[in-house]
Amino acid sequence: MHDALGFVFCNSRHGNTVLCYGNYRYRKGYVYSDGERIKWECVKVGRSRGSCGAAVVTLDGTVVDVKSIHNH
């Protein structure tokens, strides 16, 4: 599925759904309490120093918010 901004849902090598945009991939972070919004986090996010904080929020499969500043 393509989004107007160019985001595409694809599968990881392990078969999980990821959100792809350019050279960046986002994994499902969590589902908001309304059950409709999902936060997708850059796959480079982690607890280590220097991890990426880029994220995307979708609502029913459509991108509604983007924090697109990657540090890698």
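User: Why is cysteine 20 called buried?

Analyst: Its relative accessibility is 16%. Buried means under 20% relative accessible area, exposed means over 50%, and partly exposed is in between (1.4 Å probe, protein chains only). The value of 16% is under the cut-off, so cysteine 20 counts as buried. This is a predicted model, where local features need pLDDT of at least 70 and side-chain atom pairs count only at pLDDT 80 or more, while totals for chains, interfaces and linings use all residues. Residues are numbered from 1 along each chain as its sequence is written, and side-chain values use heavy atoms, with hydrogens and water left out.

User: What makes cysteine 10 and cysteine 20 a disulfide?

Analyst: Their sulfur atoms are 2.1 Å apart. A disulfide is a pair of cysteine sulfur atoms within 2.5 Å. The distance of 2.1 Å meets that limit, so the pair counts as a disulfide. A search of the whole structure finds 1 disulfide.

User: What does the pair tie together?

Analyst: Cysteine 10 lies in strand β1 and cysteine 20 in strand β2, so the bond links parts 10 residues apart in sequence. Strands (E, at least two residues) and helices (H or I, at least four) are DSSP runs, numbered from the N terminus.

User: Why is this disulfide called right-handed?

Analyst: The torsion about its S-S bond is about 110°, so the disulfide of cysteine 10 and cysteine 20 is right-handed.

User: Is cysteine 10 buried, exposed or partly exposed?

Analyst: Cysteine 10 has 23% relative accessibility, so it counts as partly exposed.

User: Which residues form the largest nonpolar core?

Analyst: This core has 10 residues: Phe7, Leu19, Tyr26, Ile38, Trp40, Cys42, Cys52, Ala54, Val56 and Val63. Strand β4 (residues 37-42) gives the most, with 3 residues.

User: Why is a set of residues called a nonpolar core?

Analyst: The set must hold buried Ala, Val, Leu, Ile, Met, Phe, Trp, Tyr and Cys residues, joined through side-chain atoms within 4.5 Å. In soluble globular proteins, nonpolar side chains tend to be buried together.

User: What does tryptophan 40 touch?

Analyst: Leaving out residues up to four places away in sequence, tryptophan 40 touches residues including Phe9, Leu19, Tyr26, Ala54 and Val56. Contact means heavy atoms within 4.5 Å.

User: Why is serine 12 called buried?

Analyst: Its relative accessible area is 17%, so serine 12 counts as buried. Serine 12 sits in the loop between β1 (8-11) and β2 (17-21).

User: Where is glycine 6, and what is its relative accessibility?

Analyst: Glycine 6 is in the segment before β1. At 33% relative accessibility, glycine 6 counts as partly exposed. Beyond its neighbours within four places in sequence, glycine 6 is in contact with Cys20 and Tyr21.

User: How many helices and strands does the protein have?

Analyst: The protein has 0 helices and 6 strands. Along the sequence, the pattern reads β-β-β-β-β-β. Of its 72 residues, 26% count as buried.
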